[in-house]
Amino acid sequence: MFVITGATGQLGRLVVQSLRKMVPADSIIAAVRDLEKVEDLAAMGVQVRQADYNQPASLYAALQGADRVLLISSSEIGKRVRQHQAVIDAARQVGVKLLAYTSVLHADTSVLALADEHRQTEAAIRASGLPFALLRNGWYTENYTAGIPTALSLGAVYGCAGDGPIASAARADYAEAAAIILTGESPAGEVYELAGDASYTLSDFAAELSRQSGKPINYINLPEADYKSALLGAGLSEVLADLLANSDQGASQGALFDAGRQLSKLLGRPTSSLETAVQAALL
């Protein structure tokens, strides 16, 4: 049995879809907080079980019979370590044969503020004694393409990443890689640094958007504090604005870059390109 936590999230749904191409649907368990959001998965034959990161008893019940579990990191920044520990404890109690975790690129050395909770979770997984795989995901290209409507209306892409190289890939690429790792026979203890084949700067991103949209789009680089203020002014929460500004600043220091191509090696194909991502976002 394969259990995917957080299966109603953008990544989780894609992992389930990839797994369905590799194993029978009834061998997949979508562990979710809200069962009403997975009626479509249930209709496909996927098992659905209620599981809340904040309710340890629900996690133990959801993981019953599980052989391999993908712990998709929580979206609740500041609460992740405690929530992830609850999943790790449940996985140990039921005796899973592999616990895979979606961490962040170069978690052990990353300057990103969000990496700290990932480092703590990785340490907890190692301390658990469970067979594990660490999927250190790089940036999702969608993190930038989601802002295309705003960029088009303003005539500019704003950020504080400078000329930092960003080796991102589509969320679907990371999801497919997770499914491959879950169903594979790689030895336990593997650490995967996953990123896109090619890198780009935010100036490159703006230029590609300008080329495809036919509108003049420039990249405007701001100090980190000013970029955070702009995000707050656009209505983002303090936590999210701080995360995005800090991540851009980290990108300027190379935190979102990796040249190892482990992701495309797992996939057996090139990772999705920036050109394709922008094209899809403009449709």
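At 3% relative accessibility, D173 counts as buried, where buried means under 20% relative accessible area, exposed over 50% and partly exposed in between, with a 1.4 Å probe and protein chains only. D173 lies in helix α8; helices (H or I, at least four residues) and strands (E, at least two) are DSSP runs numbered from the N terminus. Leaving out residues up to four places away in sequence, D173 touches L263, L267, R269, T271 and S272, a contact being heavy atoms within 4.5 Å.

Before I continue, the basis of these values. The model is predicted, so local features need pLDDT of at least 70 and side-chain atom pairs count only at pLDDT 80 or more, while totals for chains, interfaces and linings use all residues. Residues are numbered from 1 along each chain as its sequence is written, and side-chain values use heavy atoms, with hydrogens and water left out.

I turn to the overall form. The secondary structure comes to 13 helices and nine strands. For 283 residues a compact globule would have a radius of gyration near 19 Å, and the protein agrees with its 19 Å; the radius is taken over C-alpha atoms, and the globule rule is 2.2 Å times the number of residues to the power 0.38. The C-alpha trace spans about 55 × 35 × 35 Å along its principal axes. Buried residues make up 49% of the 283 residues. Of the contacts with a separation of 6 or more, 75% are between residues 24 or more positions apart.

Next, the interior. A nonpolar core is a set of buried Ala, Val, Leu, Ile, Met, Phe, Trp, Tyr and Cys residues joined through side-chain atoms within 4.5 Å. The largest such core has 58 residues, of which I4, V15, L19, L70, L99 and L135 touch the most other members. Helix α8 gives the most to this core, with seven residues. Setting aside neighbours within four places in sequence, L99 is in contact with V69, L71, I88, I125, L130, P131, F132 and A133. A second, separate core of 25 residues includes Y144, I148, Y200 and A251.

How many aromatic pairs are there? Rings of Phe, Tyr and Trp (its six-membered ring) pair if their centres lie within 6.5 Å; planes under 30 degrees apart count as stacked, over 60 as edge-to-face and the rest as tilted. By this rule the count is two. The ring centres of Y140 and Y174 are 5.3 Å apart and the planes stand at 70°, so this pair is edge-to-face. It links distant parts of the chain, 34 residues apart: Y140 is in the loop between β6 (132-137) and α6 (142-145), and Y174 is in helix α8 (residues 171-183). Y140 counts as buried at 17% relative accessibility, and Y174 is buried at 1%.

For Y144 and F205, the centres are 6.1 Å apart and the planes at 45°, so the pair is tilted. Since Y144 lies in helix α6 and F205 in helix α9 (residues 202-213), the pair ties together parts 61 residues apart in sequence. Both Y144 and F205 are buried.

Finally, helix α9. At 1.5 Å a residue its 12 residues should span 16 Å, and the end C-alpha atoms agree, being 16 Å apart; the expected span is 1.5 Å times one less than the number of residues. Within α9, L202, F205, A206, E208, L209 and S210 are buried. The buried residues of α9 pack against α6, α7 (148-154), β7 (156-159), β9 (218-221), α11 (238-252) and α13 (274-282). After α9 comes G214, with a positive phi near 75°.
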